[in-house]
Amino acid sequence: ALVNGNRGSAFDNDRRLAVSGNLSARFKAGPLVGSLGVAGYAHPGLTEDFNSAGLFGYLSGASVTWVGQADLARRQPARASAVTGAVTSHEVTVLLRQGIELKGTYDFFDPDRHLKTGSRSRWGAGVAVLPLPFVAAEAAFRSTHVTPGRDLSGRDFREGVLQLHLLY
């Protein structure tokens, strides 16, 4: 895809084209089904170029499904050294019965994987319920751990999340 826009802005004020793409393949191996793919994004900017690339996929068997993605993101400011960060996100669900799932999640973010400038990790657990085809509800607990550094600050925290989705 060729896309026009300016990251972080509602208006296209830099007139530079970005390029994005992905390629994936689905497969079946005995009782397992899955997909593996690669994705990339490149956007030259006026003051900074941004590129990202990564792997994504899912694997499902019986009542257990894993979905995940891992990306590297590279920022190249006009007059400074490039910085490469890493981000990954994973979710495992167990289908208890139609419309009820247990869910576990893990996310990790490091803005500069070459230097100790801080990082953030989060795990979570919850239950998702789909009582009607157009109504979904989720209750979850998440715990976030922050390793402070030059690029990230903050404290560890825990939170409860209640969500209601009306699908149309």
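These questions and answers look at salt bridges in a predicted model.

Reader: How many salt bridges does the count come to?
Author: The rule asks for a side-chain nitrogen of Lys or Arg within 4 Å of a carboxyl oxygen of Asp or Glu. By this rule, the count is six.

Reader: Which residue forms a salt bridge with Glu138?
Author: The closest N and O atoms of the pair are 3.3 Å apart. Glu138 sits in strand β9, and its partner in strand β7, 35 residues apart. That partner is Lys103.

Reader: Are Glu138 and Lys103 buried or exposed?
Author: Buried means under 20% relative accessible area. Glu138 falls in that class, and so does Lys103. Both are buried.

Reader: Which residue is linked with Lys103 and Glu138 in a network of salt bridges?
Author: Lys103 and Glu138 form a salt bridge. Their network also takes in another residue, Glu91.

Reader: How many residues apart in sequence are the parts that Glu159 and Arg142 tie together?
Author: The side chains of Glu159 and Arg142 meet in a salt bridge, 3.2 Å from N to O. Glu159 lies in strand β10 (residues 157–166) and Arg142 in strand β9, so the pair ties together parts whose separation in sequence is 17 residues.

Reader: Is Arg150 buried or exposed?
Author: Arg150 forms a salt bridge with Asp151, at 3.1 Å between the closest N and O atoms. Asp151 has a relative accessible area of 35%, so Asp151 is partly exposed. For Arg150 the value is 62%. Exposed means over 50%, so Arg150 is exposed.

Notes. Residues numbered from 1 in each chain as written. Predicted model: local features only at pLDDT ≥ 70, side-chain atom pairs only at ≥ 80, totals over all residues. Heavy atoms only, no water. Helix = DSSP H or I, 4+ residues; strand = E, 2+ residues; numbered from the N terminus. Buried < 20%, exposed > 50% of the residue type's maximum accessible area, 1.4 Å probe, protein only.
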